[in-house]
Amino acid sequence: MQKENKLLDGFFCPHPDYRPATMWFWNDEMQEYEISSQLEAFKSKGINDFFVSHTWGTLDDYLGERFFEVVKYTVKESERLGLHFWIYDEFNWPSGTAGGKVLRDHPETRAKLLVDNKEVLGPNGSLGCKYIKGEFEAAKLVYCNSPEDGAVDVTDKIEIEKNAHGFWAEYKNNCCADIELHIMSVQYQDNVEPSAKWGKYSFNQPGYVDAFDEKAIRLFIDYTHEKYKEAVGEHFGKTVKGVFTDEVCLASPHDVSRGTTPWNDNLKKIFKERYGYDLEPWYHVMVDKPKTPQEKKARYDYWRMLTELFSNAHLKQVYEWCDKENLKYTGHVDAEEILIWTMLQSGDIFDLLKWMHIPGIDSIISRDRIETEEFNIAGKILGSCARFFNKDRTLCETYTCSSHKLRFDEMKRISNRLMVLGVNMLQYMGCAYSWDGLRKDPSPIAGAPNHGESNPLFKHYDLLGDYMSRIQYVSAQTKPCGRVLVLWPQAGVYVNSNLLENMSLSYAQRKNNKLGRYEIAMEGVVNALMELNIEFDMFGDSMAKDASVENGKIKFYGGEYDVVVMPYTGDTTSGVMNLVQQIKNSDVRAVFVDELPQLSVDEAKIVSPFGATPDKDGLTYISSNVRFISVPGEEKNRRHNARLKALMAEAVGEERRTLDIRYNGTIYTSERSCEGAKVYFLANDKMEECTANIVFREGMKLLDPDTGNCRELKNVGGRADIHFDPYQMYILVEDEQQLELSCDKAAGEVVKILSANCGLELVGGNTLATTWKFAPYTKGDVFVIPQDDQLIPIPTHNIPGKYCKTNGAGMQVCDFEIKKIPKALTLFAEYGEVLYCELNGVRIDDKWSHCRLWGPKEACLDITALVKEGSNRIAMTFSLPDYNTPYRTPFVMLRGDFETENGVICGKRSDYIAAPVNTQGYTTFAGEVVYQFKTVLTAEEAVEAAFLMADTRDATELFVNGVSAGVRLWAPSRFNVEGMLKEGENELELRMVLPMWYFFYSEKEVMNMGLMSAPRLEKKAQK
């Protein structure tokens, strides 16, 4: 505990407002009793904030009468339980169409694209003739041998023949040179967004909302936000906490293809009013890559205009509505970590995040993407925006599509990294109201894992929330205090992108492409600084105009910086150029990567403050305070790159590291401050243990978010060692206030290794995920099983799309083998859509009993007396939805007192050992497993044994002679058993909760779960 230290109040006593939130998918027919049950489950696990996402699979009309009945009930129940309801402002995503209703009722609000139908024509009468969708806008001719001369307008020379959906365009090249012919057309965005499909009441309205039109976005507010106000407005700012917007974008991510750029019929007028020149002469460079300074200026002006229109029409307008209604506005835009996709979806990420009370990002496929080069970028941008725009909270939609194998230690690693980067409101993405059918699918549709009751790990989410809330509370009370700025060169991407090319580049393609080299440079710089433990902020080049150099410091948004790192600034803004000119005559250090400034794109002005870019690879000293780094892309892009890290350390300065820290692993750090107190986050990013050694300063205390304890560092010669367990995070506090310290106990010499022989019990019995075959059902009321060669194997239960509408019904057949009939065997099924079911030719669908497995529609049946040794067959027909949606066959599984061998049900053995459960006949088990040990101790051993160490990565609770010794969510699974053991026989139980990976994917990656070896009893370590 501590003595009146506001900074740490929520660390020692986890604060409910700083616990993780969850996205709650409303994806079935909503029932009040089920809503109450799930809200109470949230409450029991410390999930106090939830975002209601009305999503695919729903059977209620989005924004309809029944929808708001359920909303009102949920808000009322939330008030009773002390929970916070957050509005999710769309059906599915991206936000903006109100489930397609805005576009349906107001077709004039549908977004458009300017399309460059480029064609190269040879000389002397070469003919171009093609059919083009949409409306003809203009035609430009560019001579291939002299493109720097610009474009010739040939709009009046194109032969146009219109029809209902587009036009035929014809042009003859009568000159003696090759030409590029740019036929510009205006088309509606055509793709059907997720926001307009996959629901029973969806009508598959194509297109996305015009994100530049304030009136269109006002209609979106009227259709959505105002309806919530009408229904539950009296709870705004109280039980109803805020609004979440999802993947809002200036151009639909589902309709950005080669040769397109966002459009609006008013853009020409707005452009002329804003910049004083016409847009039409520059149409061709809106899509094709600009070459001359004036072309680059036109492209830059165009994208700055789009960004500002989008920001003001959508983000700012909704923000102001929320602010007026006492609601917090949060959510995220799209593709925040990749320069080209940030441009295409957001324009400029920094322009948008300032218009959120709680700015946010997403971290999808987190388990895999944490290993990628770009992972650190989005979180660092978010943390920087919090500092610049004075935001206390920052949100991240986390863990989506990380699969059913996601364990607590991996969730810990991901959250640690995000919180070091600056996130302090983690949101589980997400929890499904129903897990029936395709809702279990690991794809983006369902986004496994499910962070709700259907996930066995949910049992311990309260402890996971304790851990995260301690860190998030401290983060929210502090601000980053780095002295290094890193430029996000969006202007260069604006003017160097060729939208006629494929923008989704592999690494091999990227290193030979200008935009790819931008990405490689950004990733290299960010990861090198992270590896060096140098605290830094990222800023957009559009913000540089707000920076000034005074007394050897860059003054910027309330902060002071003495180093700026600028990757790829050959084409940049006048604001950056002005900052560079100020830096030249100051003590501020500037580090340029790969390019020196050459062109002020918003002025079409060539400015070379340092001359030409040096050719030599490595580090060049241009002047006493200016450095230039150039490293081949193959090296720069790789994380943990020693060469780039060494160059960055010399260029930026070792003295700017967060701490004077030495370590033998991979530790990420963050330096923060609050009213003079310094706070450091330190996170071990590896599964291995490591040690860090830091310069010791008086008053340093080490906080452990895992235990909630505080201890003093031991000063040895002016330095202190900090030992990190796998994926461990600490908070180091340098504060004069007195903190009450705890005495850390450590394990030492082994007292006894328990016998490897043990009992093994599966709570609820073993589970066998069955493999099914599918056939379209066409026999009417007569139940006929097709021939085997007519059945389609569907190991993941996904029905091939072309069969989803087959007469509104389908059939699935499962064959399974039994070597020995178990004492108990139960059949579980998602029974809501089942029409007829038989087992071994006997009809059984009238014998089911309702049960609760992972949703409101399950049923079970004891089939012990109905099965036989040898081959067994289950066959059932089921109804398919009568609306356009992905679909799965009903999920069916077997549970009982059995083991499996090569998928065959066998009898149980009696000789279990301390080893992974998947190696002992339980190859598709998911849930809770109990290892039972009996050990005889002498009186001396019972007194000496202070700890039990269990070799496992899975969430584990230890019981000693029937009394709990605590829970460990991750390694090391070390339990304090001091005083709990006795002379003679002792009974020990390790109750482990395993993820659902093998239950769905037994044939894929082997992932051992449970105990790896026998537990051991250990003494206290000697001081």
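Student: Leaving aside neighbours within four places in sequence, what is Lys405 in contact with?
Tutor: Lys405 is in contact with Arg367, Glu410, Pro995, Trp997, Glu1005 and Met1007, where contact means heavy atoms within 4.5 Å. Keep in mind that this is a predicted model: local features need pLDDT of at least 70 and side-chain atom pairs count only at pLDDT 80 or more, while totals for chains, interfaces and linings use all residues. Residues are numbered from 1 along each chain as its sequence is written, and side-chain values use heavy atoms, with hydrogens and water left out.

Student: Where is Lys405 found? And is Lys405 buried or exposed?
Tutor: Lys405 is in the loop between strand S15 (395-398) and helix H14 (408-421). Helices (H or I, at least four residues) and strands (E, at least two) are DSSP runs, numbered from the N terminus. Lys405 counts as buried because its relative accessibility is 10%; the cut-offs are under 20% relative accessible area for buried, over 50% for exposed and partly exposed in between, with a 1.4 Å probe and protein chains only.

Student: Which loop has Tyr399?
Tutor: Tyr399 is also placed between S15 and H14. With a relative accessible area of 0%, Tyr399 is buried.

Student: What does the side chain of Tyr399 reach at 2.9 Å?
Tutor: The backbone oxygen of Met411. For a polar contact, the cut-off is a pair of N or O atoms within 3.5 Å; within protein, one must be able to donate a hydrogen and the other to accept it, and residues adjacent in sequence count only if both atoms are side-chain atoms.

Student: What about the phi of Tyr399?
Tutor: Positive, about 80°, although Tyr399 is not a glycine. Most residues other than glycine have a negative phi, and most peptide bonds are trans.

Student: Where else is there a positive phi of about 60° on a residue that is not a glycine?
Tutor: Asn533 has one. Asn533 sits in the loop between helix H18 (514-531) and strand S19 (536-540), and at 1% relative accessibility it is buried.

Student: Switching to holes: how many cavities of 30 Å³ or more does the search find?
Tutor: The whole structure has 11. On a 1 Å grid over the protein atoms alone, a cavity is a set of points where a 1.4 Å probe fits but cannot get out, and lining residues have an atom within 4 Å of a point. Grid points are joined across faces, edges and corners, and a volume is the space filled by probe spheres set on the points.

Student: How much space is in the second largest cavity?
Tutor: About 80 Å³. Its lining includes Glu337, Asp362, Arg369, Glu374, Phe375 and Leu418. Strand S14 (360-363) and helix H13 (375-388) are the elements that give two or more residues to that lining. As for H13, 14 of its 14 residues are buried.

Student: Now the largest nonpolar core. Which residues touch the most other members?
Tutor: Trp24, Tyr302, Met538, Ile554, Val565 and Met648, out of 204 residues. Helix H9 (residues 293-324) brings the largest share, 14 residues. Such a core is a set of buried Ala, Val, Leu, Ile, Met, Phe, Trp, Tyr and Cys residues joined through side-chain atoms within 4.5 Å. Apart from it lies another core of 34 residues, Phe925 and Tyr931 among them.

Student: Last one: which strand has His54?
Tutor: His54 is in strand S2 (residues 49-54). The relative accessible area of His54 is 1%, so His54 is buried. The His54 side chain makes a polar contact with the side chain of Thr58 at 3.1 Å.

Note on methods: 1 Å grid on protein atoms, 1.4 Å probe; cavity = no way out; pocket = protein on both sides within 12 Å on 5 of 7 lines; lining within 4 Å.
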